Amino acid sequence: MSSRKYMEQALSEWMHGNGPEQDVVISSRIRIARNLREYPFPMLATNSQSSEVLEQVQKVMDNEELNTISRFQFIPLEQLTELEKRVLVEKHLISPNLANEARVGAVILSQNESVSIMVGEEDHLRIQCLCPGFQIREAWDLANQIDDVFESQLDYAFDENRGYLTSCPTNVGTGIRASVMMHLPALVLTQQMNRILQAINQVGLAVRGLYGEGSEATGNMFQISNQITLGQSEQEIIDNLYSVVRQIIEHERAAREKLSGESRLRLVDRVNRSYGILSYASIMDSKEAAQRLSDVRLGIDLGIIKNLTPHVMNELTVMTQPGFLQHLSGTKLSAEDRDIRRAELIREKLSP
C-alpha cells in the first residue's frame with residue numbers, strides 16, 4: 001500500500017461517516033503520549049537511539065491483535081517530501097512539530113485514517129484516534145485498545161507515583177489529551193464566546209484553534225481539550241470534557257435559535273452573501289475563505305442552503321489550505337497564486 005493514498009484525498013474516509021451532534025461537533029479526538037523506558041526522550045536522543053525506537057515500534061506492526069483493529073501502514077518521515085508532510089498536518093494526521101523536526105521519525109496510519117500514531121515527535125509514541133461528531137468516549141475506547149497492544153509489546157516509562165512519564169510535564173500522569181473540534185459561529189455572532197471561553201478555562205480545559213496549540217481559531221472552529229493529566233483518571237478527564245462540551249452544544253444551539261428568530265433576515269443575508277462570494281470570487285485568502293465557509297456551513301445546518309452537505313465544507317476546509325493547494329497543483333505556489341487557486345477550487349466545488 002503506497003503512502004500516496006493518504007495525500008490524494010482531502011477528506012479522510014472516517015470523515016464520510018455521520019456522527020452525533022455533527023452540526024456543532026466536527027470531530028472527537030483522543031491522543032495518548034507514551035515513552036520507552038530504556039531510551040531518552042526524543043529531544044535528547046541520538047539518531048541511533050531514535051532509529052532503535054523506530055525498529056521496536058515497527059515490530060509491533062506484526063502483532064495479530066493490532067491487525068484485527070485495522071490495517072496499518074508504517075511511513076518513515078524520510079520517505080515524505082516537505083509538501084507531503086504539510087498535507088498530513090492539514091489533515092490532522094501528524095503534528096506541525098513532527099513535520100518540522102529533522103530527527104528520525106515516522107507515522108503509522110490506519111487504512112481509513114482514523115488512527116494516527118506518531119513516532120519520534122515530542123514523545124516516542126503519540127497514539128491519536130479520531131471519530132466524526134461527538135464520540136469522545138468511542139475514541140477513547142479505540143485508543144485504549146491500541147495502547148494496550150503496544151504496552152504488551154514495549155516497556156513503557158512508568159512511575160508508580162507519577163504515572164506515565166512524558167517529555168512535557170503537562171502530560172505526565174495519564175498522558176491523555178482528549179479534545180473535540182467545535183463549530184461555534186452563533187456564539188461568536190451573538191458575542192457570547194468570550195464569556196464561554198472564560199468559563200471553560202476555569203474548569204481546567206483549554207481552547208485552541210483548528211491546528212491545536214498555538215493556532216488561531218479561524219472559521220469559528222475551536223478545539224476544546226483537557227489541560228490536567230495528573231491526579232485524575234482517564235475516565236474523569238473524559239467525563240469532565242463530555243459534560244462541558246454538552247453544555248457548549250446547548251449554548252450554541254440556543255444562540256442559533258436566537259439568530260434564526262430575532263435576526264433571521266440578517267442571518268440569511270450573511271449566509272447568502274458568503275455563498276455568493278465563494279461561488280464567484282476570483283481571488284481569496286485563507287482567512288476570508290475560512291470565515292465564508294463557516295457562514296455557509298451554518299446556513300447548511302439551519303436549512304438556509306439546501307443543495308450542499310457539511311461533508312463538502314469539511315473537504316474544502318482541508319483543500320483550501322496552502323499545502324494541499326500546492327500538492328494539487330503539483331508545484332510550489334506564491335501567496336497570490338494560492339489565493340487564485342483557492343478561489344478557483346471553491347468555485348469548482350460549489351458549482352451545480
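Predicted model: local features only at pLDDT ≥ 70, side-chain atom pairs only at ≥ 80, totals over all residues.

Q: Let us start with strand β4. Why does it count as largely enclosed by the rest of the structure?
A: Strand β4 spans residues 115-119, and five of its five residues are buried, so the strand is largely enclosed by the rest of the structure. The cut-off for buried is a relative accessible area under 20%.

Q: Which residues lie on each face of β4?
A: Val-115, Ile-117 and Val-119 are on one side, while Ser-116 and Met-118 are on the other. Both faces are covered, and these residues are all buried.

Q: How many bridges does β4 make with β3, and in which sense do they pair?
A: Strand β3, residues 106-110, pairs with β4 over four bridges in the antiparallel sense.

Q: Which residues take a positive phi in the two hairpins?
A: In the hairpin of β3 and β4, with four residues between the strands, Glu-113 has a positive phi near 70°. In the hairpin of β4 and β5, with five residues between the strands, Gly-120 has a positive phi near 90°.

Q: Moving on to the packing: how many residues are in the largest nonpolar core?
A: The largest nonpolar core has 97 residues, and Ile-30, Phe-150 and Met-182 have the most contacts inside it. Helix α9, residues 234-262, gives the most to this core, with nine residues.

Q: What does Phe-150 touch?
A: Leaving aside residues up to four places away in sequence, Phe-150 touches Val-57, Val-60, Leu-66, Ile-108, Ile-117, Leu-125, Ile-127 and Tyr-156. Of these, Ile-117 is one of the buried residues of β4.

Q: Which residues are in the second core?
A: The second core is separate and has seven residues, among them Leu-11, Trp-14, Ile-26 and Leu-130.

Q: What lines the largest one?
A: The lining consists of Met-15, Gly-17, Gly-19, Gln-22, Val-25, Ile-26, Pro-132, Gly-133, Arg-297, Pro-310, His-311 and Asn-314. The elements that give two or more residues to it are β1 (25-34) and α12 (310-319), with α12 giving the most, at three residues. By class, the lining divides into five nonpolar, six polar and one charged.

Q: And which residues line the second largest cavity?
A: Pro-42, Ser-50, Val-53, Leu-54, Arg-103, Val-104, Gly-105, Val-119, Gly-120 and His-124 line the second largest cavity. Helix α2, residues 47-60, gives the most to this lining, with three residues. The classes here are five nonpolar, four polar and one charged. Gly-120 also takes the positive phi in the hairpin of β4 and β5.

Q: Changing topic to helix α4: which of its residues are buried?
A: In α4, residues 82-90, the buried residues are Glu-84, Lys-85, Val-87, Leu-88, Val-89 and Glu-90. Their cover includes α1 (5-8), α5 (96-100), α12 and α13 (322-329). Just after the helix, His-92 takes a positive phi of about 65°.

Q: Is Phe-134 buried or exposed?
A: Phe-134 is buried, with a relative accessible area of 6%. Its place is in the loop between β5 and α6 (136-153). Not counting residues up to four places away in sequence, Phe-134 touches Pro-20, Glu-21, Val-25, Ser-28, Val-180, Tyr-242, Val-245, Arg-246 and Ile-249.

Q: Lastly, is Arg-256 buried or exposed?
A: Arg-256, which lies in helix α9, counts as buried at 3% relative accessibility. Not counting residues up to four places away in sequence, Arg-256 touches Asp-23, Val-24, His-183, Pro-185, Ala-186, Leu-298, Asp-301 and Leu-302.

Definitions and conventions. Residues numbered from 1 in each chain as written. Heavy atoms only, no water. Buried < 20%, exposed > 50% of the residue type's maximum accessible area, 1.4 Å probe, protein only. Pairing = 2+ DSSP bridges. Core = buried A, V, L, I, M, F, W, Y, C linked by side-chain atoms within 4.5 Å. Contact = heavy atoms within 4.5 Å. 1 Å grid on protein atoms, 1.4 Å probe; cavity = no way out; pocket = protein on both sides within 12 Å on 5 of 7 lines; lining within 4 Å. Nonpolar A, V, L, I, M, F, W, Y, C, P; charged D, E, K, R; others polar.
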